[in-house]
Every structure is written in C-alpha cells, then in structure tokens.
Amino acid sequence: MPDVTLTTLRGLKERGEKIVMLTSYDATFAAASCAAGVEVLLVGDSLGNVLQGHDSTLPVSVADMAYHTACVKRGNRGALVLADLPFMSYATLEQALESSAALMRAGAHMVKLEGSAWLCETVRRLADNGIPACVHLGLTPQSVNVLGGYKVQGRDEARAREMREAALALEEAGAAMLLLECVPSPLAGAISRAARVPVIGIGAGPDTDGQVLVLHDLLGLNPRPAKFVRNFMTGQGSLQDALAAYTRAVKDGQFPAPEHGFSA
C-alpha cells in the first residue's frame, strides 16, 4: 500500500491543497519524483511519443504499459501509481477487465481511461472488481483522429454542458478521479467544484484540484512545447531542483499561470 492513497487525495481536495502529478516511465525518475514530493506518478501512454518516438500514443500496447508500470513500481517511494490503459485495450468490458488486471498486477494502484459518459458501465465494472479508475476527458489523445487534431475541447456551450454532465455521471458510476486536458479554464473550474472526487488538469487552468505534466516537457526536452507547458529546468541547477520547483509551483498556485490556460 502506498503512502499516498485515494483517501489521501480526497483529503487534499477537501482541504484545498493542490495535488501534484507527473508522468513517470522508469525506476530512476520515479524515485527522483517521489523525493521532490510528487504524490501521483502517471505511467502515461505518452511513452509512445517521448520514449518510443511515435507521432501519437496509438501504437502503445498493454505489454508496453505493464513493463513501464513495473519499472516505476520498483522506484516508487510512497506515491500512488496511475497507469494508462492504451488505445483499444478497453473497447469491451472483458478487455477492460483483462487489461486493467495486467496493469494492476504490474504495480498500478489505479488505471486511467480516455473517453466520456459512454465509459460509465466500464468504470462501474472496474470498481466492482476492485480497480479504481481515473477518466480522462476533454482532449483525449487516443481519439486524435476523430477530434481532427490536438484542439481545445468544450469551448461551445453544448460541448461544455455535455462534459460537465459526463464528469458527474462518471463520478456517480464510481470514477475515483477525473483528468481534464485542454479544457477552458472556467469550465475546468466548474467541473472541479461540482465533483466530489479529485480533478486533475493539464492545460485546464488553475482551478482544478491538481496538475500533471509530461516529465519530458517539464525538463524542456520538447522542441515545440504546448501552450500549457512550463520549462522547470530554467534557472535550476539540477534535475532534482527542477522537480522540486514544479512541486512548489503547483502547491503554491504559481503554476499554471493565466498564460498556460485557455479561455471559453
């Protein structure tokens, strides 16, 4: 059992203390992130981009995710480990249970799925089987071909209402956490206030319950960083200093700043 649990995260939300999440793909960076105070290690399918060199997350397999989850587990020092279910690994209830079981056996404490209200039954079945789920809403990279690119989601009132309703429906179905990506800041704040479970943001403004970044973006390794990214290596003397600076900035509410978010 990790030092940080879902009960810990709910307590942070209730007290208004920001939750710090960061992607992690191996034992060394997992240990370094824990030492910097990161509370949730996300084994993201973003490894398809930053480790494997693909132009999307779609080629990532369950075997890839299980391997890197096991690596992170060995370096973890008390954080909660959240692992992504990759593309087409949860298209049916049976697939979702089998894929999630593989990641939980590898060391995850919770799994993350991308989608919307259509995932309610899957989330319910996972919870019934002892598998906590985080649902990723807004810009969902696994659906980039349907979305027509990497675009902000929920700017028009109909889509915003649909996202709010989906978030609450998923919480009712048993989702333990929500993650909002590239969502207008006012909408993300409204969802965070309405939800009882923690809501994590990336490109979703300052009013979510916590923040997540891709490790390689935080370290300034992306030559074309997204609007919501800040290079935390700037002005720091070491990688460990950069990780600690990220944790402080999230906890103090200095990150994300207004320029890192999107308007309605």
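**Exercise 1. Surface and burial**

Task: Work out how much accessible surface the protein has, and what share belongs to carbon and sulfur atoms.

Solution: 
- The model is a predicted one.
- Its accessible surface comes to about 11,000 Å².
- Carbon and sulfur atoms account for 52% of that surface.
- Now turn to burial: 58% of the 264 residues count as buried.

**Exercise 2. Overall form**

Task: Decide whether the radius of gyration agrees or disagrees with that of a compact globule.

Solution: 
- Start from the chain length of 264 residues.
- Along the principal axes, the C-alpha atoms fill a box of roughly 50 × 40 × 40 Å.
- Next, count the elements: there are 11 helices and eight strands.
- Take the contacts with a separation of 6 or more: 62% of them join residues 24 or more positions apart.

**Exercise 3. Charges**

Task: Find how far apart the centres of the positive and negative side chains lie.

Solution: 
- The protein has 23 positive side chains and 27 negative ones.
- The centres of these two sets lie 2 Å apart.

**Exercise 4. Helix H5**

Task: Compare the reach of helix H5 with the expected span, then identify what covers its buried residues.

Solution: 
- H5 runs over residues 93-106, which is 14 residues.
- From first C-alpha to last, H5 reaches 20 Å, close to the 20 Å expected at 1.5 Å a residue.
- Its buried residues are Ala-96, Ser-99, Ser-100, Ala-101, Leu-103 and Ala-106.
- Residues three or four places apart in an α-helix point the same way, because there are 3.6 residues a turn.
- The cover over the buried residues of H5 includes helices H4 (62-75) and H6 (120-128), plus strands E3 (80-84) and E4 (110-114).
- Just after H5, Gly-107 takes a positive phi of about 135°.

**Exercise 5. Backbone exceptions**

Task: Locate the cis peptide bond, and describe the phi and burial of Cys-182.

Solution: 
- Most residues other than glycine have a negative phi, and most peptide bonds are trans.
- The cis bond joins Phe-255 and Pro-256, with omega about 0°.
- Pro-256 lies in the segment after helix H11 (239-252).
- Cys-182 is in the loop between strand E6 (177-181) and helix H9 (185-194).
- Its phi is positive, about 50°.
- With a relative accessible area of 6%, Cys-182 is buried.

Note on methods:
Residues are numbered from 1 along each chain as its sequence is written. This is a predicted model: local features need pLDDT of at least 70, side-chain atom pairs count only at pLDDT 80 or more; totals for chains, interfaces and linings use all residues. Side-chain values use heavy atoms; hydrogens and water are left out. Helices (H or I, at least four residues) and strands (E, at least two) are DSSP runs, numbered from the N terminus. The radius of gyration is taken over C-alpha atoms; the globule rule is 2.2 Å times the number of residues to the power 0.38. Buried means under 20% relative accessible area, exposed over 50%, partly exposed in between (1.4 Å probe, protein chains only). Contact means heavy atoms within 4.5 Å. Accessible areas come from the Shrake-Rupley method with a 1.4 Å probe; for residues, only the protein chains shown count as cover. Lys and Arg count as positive and Asp and Glu as negative; His and the chain ends are not counted. The place of a charge is taken as NZ of Lys, CZ of Arg, CG of Asp or CD of Glu. The expected span of a helix is 1.5 Å times one less than its number of residues.
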